[in-house]
Amino acid sequence: MSLEKLAERVLEPDAPKPESPVMSADQPFKSEFLRTLQARGYINQITHPAELDEAAAKGPITAYIGFDATAPSLHVGHLFSVMTLRRLQQTGHKPIVLMGGGTTKVGDPTDKEGQRPLLTDAQIQANLAGIRGTFERFLTFGDGPTDAVMVNNADWLERFGYIEFLRDYGVHFTVNRMLAFDSVKLRLEREQPMTFLEFNYMLMQSVDFLELSRRYGCVLQMGGSDQWGNIVNGVELIRRVDGKPAFGLTTPLLSTASGVKMGKTVGGAVWLNPEMRSPYDYWQFWRNTEDADVGRFMRLFTDLSADEIVRYEALQGAEINEAKKVLANEATRLLHGAEAAAAAAEAARVAFEVGAVSGDMPTHETPAAELAAGIVLAALAVDAGLAGSRGEARRLAQGGGLRVNDKAEPDANRMITEADLVDGVVKLAAGKKKIVLVKPV
């Protein structure tokens with residue numbers, strides 16, 4: 001089946017699923033890259049799987065994933081893509097980190113119910129500066145054949161004249177087909193406006209792939225499964241315009257065993273920058289993984305070997321908590337370093353096994369004058385990120401899950417004052433795993 005026909009079937013609402021992207025058990029992948037992705041659970045769909053496998057088996061290939069600068073930090077939802085690039089490099093290939101300095105000005109409409117807020121140039125530049133450092137934790141950058149490179153699509157997208165862009169690339173895309181994209185159809189079906197600006201995003205993403213193909217010999221675009229249609233467009237554009245090989249690979253959209261979108265918590269997104277989420281809180285996020293997800297997350301988000309992961313998956317009952325600590329240690333070490341991971345693990349041990357206070361615990365600063373006057377416990381729990389609402393804080397308290405200085409507090413309406421300070425802080429806890437030190441400033 002041709003890629004064009006495959007894409008059409010993907011985009012038709014009632015069409016059968018596309019042909020299987022993963023070879024059957026009796027036809028294993030030859031390349032270490034695809035074998036690794038398959039074994040660790042990274043593959044959702046692949047265009048031309050046999051052809052891509054052949055290319056990856058012959059020698060280094062170059063692949064990319066794009067990241068728009070919509071916030072000053074990436075979050076755990078992006079970590080799946082970052083780790084996919086890491087696996088690419090670990091198996092002897094060259095990753096490109098594409099920073100969306102240009103596409104961020106438009107906003108990806110994929111899986112969105114409304115238009116993203118438009119950011120200023122200054123905001124975009126600040127966000128780009130904030131997220132660049134994360135990649136250095138996971139990838140090796142340099143000038144070697146498999147060293148990662150970081151590029152910004154503003155370098156070419158901002159140079160196009162409008163007429164030039166339409167003549168060179170618009171001719172290769174039909175409105176009929178673009179209207180069939182889920183990201184467009186859903187907005188139209190819900191009678192939610194979709195600007196012409198957003199409508200152009202899929203063209204821009206396809207041009208990104210073409211430019212990277214020409215500049216760096218990039219043959220593979222990867223991304224989440226919601227990007228499948230956009231990726232297919234880029235593959236087709238390269239093959240049609242330049243007659244060169246091009247491939248697409250998507251990863252599954254990730255949710256926990258209970259169906260919650262990966263990376264979401266009561267306090268919001270799980271940011272990767274330490275100033276937006278402390279190493280201790282990051283460690284705790286992984287420590288709180290559901291039992292059924294431990295092995296899967298070890299495969300996706302750590303470098304533990306398959307044999308080690310199988311051993312941890314075999315643990316039962318309370319022993320699974322030891323596997324969760326290993327997951328938390330390994331995931332935190334990759335992002336924040338071994339020292340920060342060890343400090344977070346020790347702070348957790350001190351807090352939960354000893355009941356003491358550690359300087360590595362997360363801190364919530366509150367005005368000293370407000371604490372002197374008194375703050376309602378439910379409100380303070382919300383401000384400190386221990387509960388999503390006052391109602392939730394009250395339910396926690398009534399169930400014995402809200403503690404002040406290690407003592408259960410059933411009354412969420414009671415006032416927290418200076419009298420509650422112990423060694424200069426008030427220790428608040430929600431449940432068994434979330435602790436915050438409230439510090440007057």
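Strands here are DSSP runs of at least two residues (E), helices are runs of at least four (H or I), and both are numbered from the N terminus.

Before moving on, a quick note on what you're looking at. This is a predicted model, where local features need pLDDT of at least 70 and side-chain atom pairs count only at pLDDT 80 or more, while totals for chains, interfaces and linings use all residues. Residues are numbered from 1 along each chain as its sequence is written, and side-chain values use heavy atoms, leaving out hydrogens and water.

Now colour E1 and E6 (residues 247-251): they run antiparallel, joined by two bridges. Two strands count as paired if DSSP finds at least two bridges between them.

Zoom out to the whole sheet. It's open, with six strands in the order E1-E6-E5-E2-E3-E4 and mixed pairing. E1 (45-46) and E4 (149-152) each have a single partner strand, so one side of each has no neighbour in the sheet.

Next, select Thr104, in the loop between strand E3 (94-100) and helix H5 (121-138). Is Thr104 buried or exposed? It's buried, at 5% relative accessible area (buried is under 20%, exposed over 50%, partly exposed in between, with a 1.4 Å probe and protein chains only).

Show the side chain of Thr104: it reaches the backbone nitrogen of Ala69 at 2.8 Å and the backbone oxygen of Gly100 at 2.4 Å.

Finally, pick Ala154: it sits 50 residues from Thr104 in sequence, but 9.3 Å away in space, C-alpha to C-alpha.

Key: Polar contact = N/O pair within 3.5 Å; in protein donor to acceptor, adjacent residues only side chain to side chain.
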